[in-house]
Amino acid sequence: MNVLLKKIVLLVGTLLLVFGFASQASAKIKIIVVTHGQDASAFWSVAKKGVTDAAAQYANVADVQYRNPKEFDMVEMAQIIDNACASKPDGLVVSIPDADALGSAITACTEAGIPTISMNSGSQDREALGALLHVGQTEYEAGYGGGKYFKKQGVTKAACVNQEVGNVALDRRCEGFQDGLGSSVDVIAVTVDPTDAKNKVVAYLQKNPGTEAIMSLGQDAAVPTMDAIKEAGQEGKTKSATFDLSPEVLAAIRDGNMEYAIDQQQYLQGYLPVVILVLYNQYSLLPGVDVLTGPGFVTGANAADVIKYASQGYR
């Protein structure tokens, strides 16, 4: 081999080595977030903002994608999880509203070695499915606190409005509410359509005028429930409260038209898992226990402060 050829081979080898290192250095951490939240939900828009803000903060080192089914559809969500894991991401964030329906898809991811964090729902199931930890609130305990709150006010007859029948997390909220209240609680099954929800709550109140309180299991049902109480002529007779926040809910609490809202700080549920997975991939850092973002209570005493941050998309 002549001198010129040796120099060419050496140069090509050096360039391949340099470009190889550059390519490796430029490879970003791939994180996929899959939730059951619907696009029209005010609650999930805040959680998604948390994901988006975390993605922007770590844009130089991470590629973060957010995916969700068009409706509350566990079959479609399982398919989204399957597709996400097939792309072999460096981290998966997933809500688990129904472990029976989603368990096999999530387990396939964790068994494939994909670091997984559950968020929002699934705290009681995440360990069995192989997730590293959970970021959210424990639903039963949150509901229990809400029931105790009304019990102290002397409420003995109440109902839950469930806008996502089949969501195990919502079932646990109502179970906790019933146990905290210490008496049987009816479940009013509705949809996220506000007209449908209002009409079904009105029909319930007409048949059960002695209902002293109604707990909405999410803010999507809260305003229709308040409207139904008014339409049924139950103002001053039936108290209302809800899980989760919205501008309408906060205004109602501030103005004394709703007793309280149970806040799980969903912005953190979107933001923190992304941050944790970035740090886990970079430095093998991981919290030692689940991260609880709630429950907290928003009442007339602190509603004004929370309204300020809700207007900025954080609450």
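Touching, or contact, here means heavy atoms within 4.5 Å. Before I go on, a word on the model: it is predicted, so local features need pLDDT of at least 70 and side-chain atom pairs count only at pLDDT 80 or more, while totals for chains, interfaces and linings use all residues. Residues are numbered from 1 along each chain as its sequence is written, and side-chain values use heavy atoms, with hydrogens and water left out.

Back to our residue. Is Val 249 buried or exposed? Val 249 is buried, with a relative accessible area of 0%. For these words, buried means under 20% relative accessible area, exposed means over 50%, and partly exposed is in between, using a 1.4 Å probe and protein chains only. Val 249 and Tyr 260 are eleven residues apart in sequence, and their C-alpha atoms are 8.8 Å apart in space.

Val 249 sits in helix H10. Helices (H or I, at least four residues) and strands (E, at least two) are DSSP runs, numbered from the N terminus. In H10, the buried residues are Val 249, Leu 250, Ala 252 and Ile 253. Looking down the axis of H10, these buried residues fall within an arc of 160°, so they line one face of the helix. That arc is the one spanned by the directions from the helix axis to the C-beta atoms. And what do the buried residues of H10 pack against? They pack against H9, E9, E10, E12 and H12. Just after H10, Gly 256 takes a positive phi of about 80°.

Two strands pair if DSSP finds at least two bridges between them.

Let's zoom in on E9. Strand E8 (residues 213-216) and strand E9 (residues 239-243) run parallel and are joined by four bridges. Ser 216 has Thr 242 as its bridge partner in E9, and Ala 213 has Lys 239. From E8 the chain crosses through helix H9 (residues 219-231) to E9, and this β-α-β crossover is right-handed. Right-handed means that, with the strands pointing away from the viewer, the path from the first strand over the helix to the second runs clockwise. E9 then pairs with strand E10 (residues 260-263) in the parallel sense, over three bridges. There, Ala 241 has Tyr 260 as its bridge partner. E9, helix H10 (residues 247-254) and E10 form a right-handed β-α-β unit. Why is E9 said to be largely enclosed by the rest of the structure? Because four of the five residues of E9 are buried.

Next, the largest nonpolar core. A nonpolar core is a set of buried Ala, Val, Leu, Ile, Met, Phe, Trp, Tyr and Cys residues joined through side-chain atoms within 4.5 Å. Of its 25 residues, Ile 31, Val 64 and Val 274 touch the most other members. Among the elements giving two or more residues to this core are strand E1 (29-34), helix H2 (42-57) and helix H11 (266-283).

To finish, the whole chain: the protein chain has twelve helices and twelve strands, and 48% of its 315 residues count as buried.
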